[in-house]
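Please open the model in a viewer and keep the selection panel at hand.

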Amino acid sequence: MDNIEQLIKTLTDDATKVQPAPHPFLLTLKWTVATIVYLSVLLGIFGPRSDFMQAIENQWFVAEVLALFSIFVATLVTTSLLAFPDIHQKRAIAFAPILMIGMFLVVIFFAWNADHPPASLPDHTYECTLCIILVSLLPTVWTFYSLRKLASIHYRLAGGLALLSATSIGALWLRLYEVNDSISHVVEWHYLPMFVIGLVGLWLGEIILKW
């Protein structure tokens, strides 16, 4: 009996302590706060667009920025839920990005109609997409690194939404930094690439997030 008790004590002492996984909402809050700080630092370095005060008088610009931020938060929440095999039993909340993207498309539709006569197109094109990718790089690496420590079995969705969330913060930064009122340019070189990059995440998620 003494040998068995000694064996159990030895095994217990030698066992590696496993840290419990954080609650998905706490994980979302940590990612959100860190990314907002990151965005604030970027805006502090590069400065907001020179016509920022004039831009916020446009209700559709404000609605677009808020809708973009809501996509960022909703995709982060769903990404954190997808980090758990049972989606932490909150499947209804996991569909929140669909609602936010629908609201975003409605805002873009009204902003497009309000852009009459159309604002002049800026000279730059693919530079916008490149800036979004560069700004999104750090949040993407951190999110994927965090997801690898958890037990996601929904690789594709988790990867796609993680990239969509990171690129949304890149697009948000560019909207607050770039002096540009052409909604057609914004859709073509900001938002369409953002969703394409999210689709790339479906492929990356399966490769990087295998549990």
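Begin with the largest pocket, which is lined by 18 residues; select T78, A94, I98, L157 and L161, the ones that lie nearest its centre. The model is a predicted one: local features need pLDDT of at least 70 and side-chain atom pairs count only at pLDDT 80 or more, whereas totals for chains, interfaces and linings use all residues. Residues are numbered from 1 along each chain as its sequence is written, and side-chain values use heavy atoms, with hydrogens and water left out.

A pocket is, on a 1 Å grid over the protein atoms alone, an open set of points with protein on both sides within 12 Å along at least five of seven lines; a cavity is a set where a 1.4 Å probe fits but cannot get out, and lining residues have an atom within 4 Å of a point. The space in the largest pocket amounts to about 410 Å³, a volume being the space filled by probe spheres set on the grid points, which are joined across faces, edges and corners. Next, colour α4 (59-82), α5 (91-94), α6 (96-114), α8 and α9, each of which supplies at least two lining residues. Helices here are DSSP runs (H or I, at least four residues), numbered from the N terminus. The lining comprises 13 nonpolar, four polar and one charged residues; Ala, Val, Leu, Ile, Met, Phe, Trp, Tyr, Cys and Pro count as nonpolar, Asp, Glu, Lys and Arg as charged, and the others, Gly among them, as polar.

Buried means under 20% relative accessible area and exposed over 50%, with a 1.4 Å probe and protein chains only.

Move to the largest cavity, of about 60 Å³. Select W31, T35, F72, L76, P139, W142, T143, A162, S165 and A166, which line this cavity. Seven of them are nonpolar, three polar and none charged.

Finally, select S182, in the loop between α8 (155-177) and α9 (183-208). Is S182 buried or exposed? S182 is buried, with a relative accessible area of 1%. Beyond its neighbours within four places in sequence, S182 is in contact (heavy atoms within 4.5 Å) with D115, A119, S120, L121 and P122.
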